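Look at the chain as a whole before turning to single residues.

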Amino acid sequence: MNAPTGVVVTTMYPDPANSTRCIRVYNAGAVVEGLTIQNGYPPGSDYSGRGGGIYMQAGVVTNCIIRHCHSLLNGGGIYAAGSNSIITDCQVVSNENLSNATTWGGGGAFISQGAQLLNSRIVTNVSLGANGGGVDCQGSVISNCHILDNWITGAGVYGGGIRVKNGGTVIGCVISNNYSPVHAGGIYYSISTSVLANCTIIHNRALSGGGGVLTFDQSLLITNCVIEGNRANYGGGVANNVKTGLYGAMTVTHSRVVANTNTGGEGGGLFFQDNQGLVESCEIVSNVVPAGQRGGGIFVHNASSADTHLTVRNCLIAGNRGSGSSSYGGGVYIGTGKVTMANCTIADNESMHGGGIAVSNNLPAGNLAVWNIIAVSNLMGGAGQSDLSLPADHLTNAFYYSCSPNLANAEQGNITAAPEFADYGAGNYRLAAQSPAINAGTNQAWMTGATDLDGRPRLDRFSGRTDMGCYEYLLRGTICVFR
């Protein structure tokens, strides 16, 4: 029907007496294509007022504009349930979910039970008092969509752009400029196991936790994502929920966490609390916490009695900052819990205490193990060590085969000489040919078949031994083969 100039399906909303849902689709062979669907407003007696514009149980909705629709319970623009429900190449614009039942949500769309939302734009939708301003996704798939300028209102609501509950996959999406007055400006995950892959999450805002992403009671894999320019009170880029118990593992791999900002709390880039997790092969750069706070790049803390363990390896942590007085750990702050770090480069971070890494005096001996890192050229405004601000026993016993001017225990393979970066002035932290960090690390089991931050073999074929830091130095030259 050639939307938007073709057929328009509309009701008389805001006149409730002459308003209803526009379309119901409930057969796998049904296709709705090329319509503009607007002003839908279903009565509460009609599937509890779900799906203001469209209610789907099966079928395909494609190349449609769904706008200015309202739901009483969930799915302001469209409600879709079941693996035979597909929404593709649509524009879902300026719809509202009017419910304040936080179990449900989705100002633009509600998808569940394997429904798919593909190649679509979800823009300027709102959920009033419920979760998922743009999309509420429960056990379903969102792929190659733009989720822009959506928001939620009320207390106890999460996910300005997207709420994912009971599992789900978000892949290849741009999630931008969404807002939450509480948690998770961009995307919120709760309950079960989910994947966030190949996404760009930028310029989202939450007044409490998780400007870009927040997880709760969730096992989440974040991979190949850019998380940039988000803002929150804590966990400007990514956070797990705070101070309420033990949560599932969060893994962040092959991602860039850049220029995220906190307005009042900890963890400018990544916030881990009471969380089993892994951060691997990531760039954590130019994130900021305010005066008096901790962990410009990464914040790690165990507030419960649970035995939690975070591993950070193969990462560049650079240019992060704890601004103002009494800030701790410009690059990394470690409170309590267990932390292992390996083959990271930590440089040009800044805070008042411990520009590179700061460790709480409450961290038990033996809870920190650091291998093959480079921690240099970090700045601090207070007294103590600029690169590493740690209790004496950790500084002596926790570091192995690492490079920092603060490390005097050479018997554990540590060196204090400058690592000799390829082009420090240009922010190139790869190793120069003369670097003493080349082949100076110690091999670990995870390195077999692994790559460095550039995707090159972690163990080179010549020496068979790892370098310090996140980049391996590879010999350059010409190889001739004579037969």
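This is a predicted model: local features need pLDDT of at least 70, side-chain atom pairs count only at pLDDT 80 or more; totals for chains, interfaces and linings use all residues.

Residues are numbered from 1 along each chain as its sequence is written, and side-chain values use heavy atoms, with hydrogens and water left out.

The protein chain contains one helix and 50 strands (DSSP runs numbered from the N terminus: H or I of at least four residues for helices, E of at least two for strands). Its radius of gyration is 25 Å, close to the 23 Å that the globule rule gives for 483 residues, so the chain is as compact as a globular protein of that length. Here the radius is taken over C-alpha atoms, and the rule is 2.2 Å times the number of residues to the power 0.38. Along the principal axes, the C-alpha atoms fill a box of roughly 80 × 65 × 35 Å. Of the 483 residues, 58% are buried (buried means under 20% relative accessible area, exposed over 50%, partly exposed in between, with a 1.4 Å probe and protein chains only).

Ala-58 lies in strand S4, residues 54-62. Is this residue buried or exposed? Ala-58 counts as buried because its relative accessibility is 8%. Leaving aside neighbours within four places in sequence, Ala-58 is in contact with residues including Val-25, Tyr-26 and Ser-85 (contact means heavy atoms within 4.5 Å). Ser-85 is 27 residues from Ala-58 in sequence, yet their C-alpha atoms are 4.3 Å apart.

The loops hold some backbone details. Pro-14 sits between strand S1 (8-10) and strand S2 (23-33), and a cis peptide bond with omega of about 20° joins Tyr-13 to Pro-14. Asn-119, between strands S12 (116-118) and S13 (121-123), is not a glycine but has a positive phi near 50°. Asn-314, in the loop between strands S36 (309-313) and S37 (316-318), also has a positive phi, about 65°. Asn-119 is partly exposed, at 36% relative accessible area, whereas Asn-314 is buried, at 0%.
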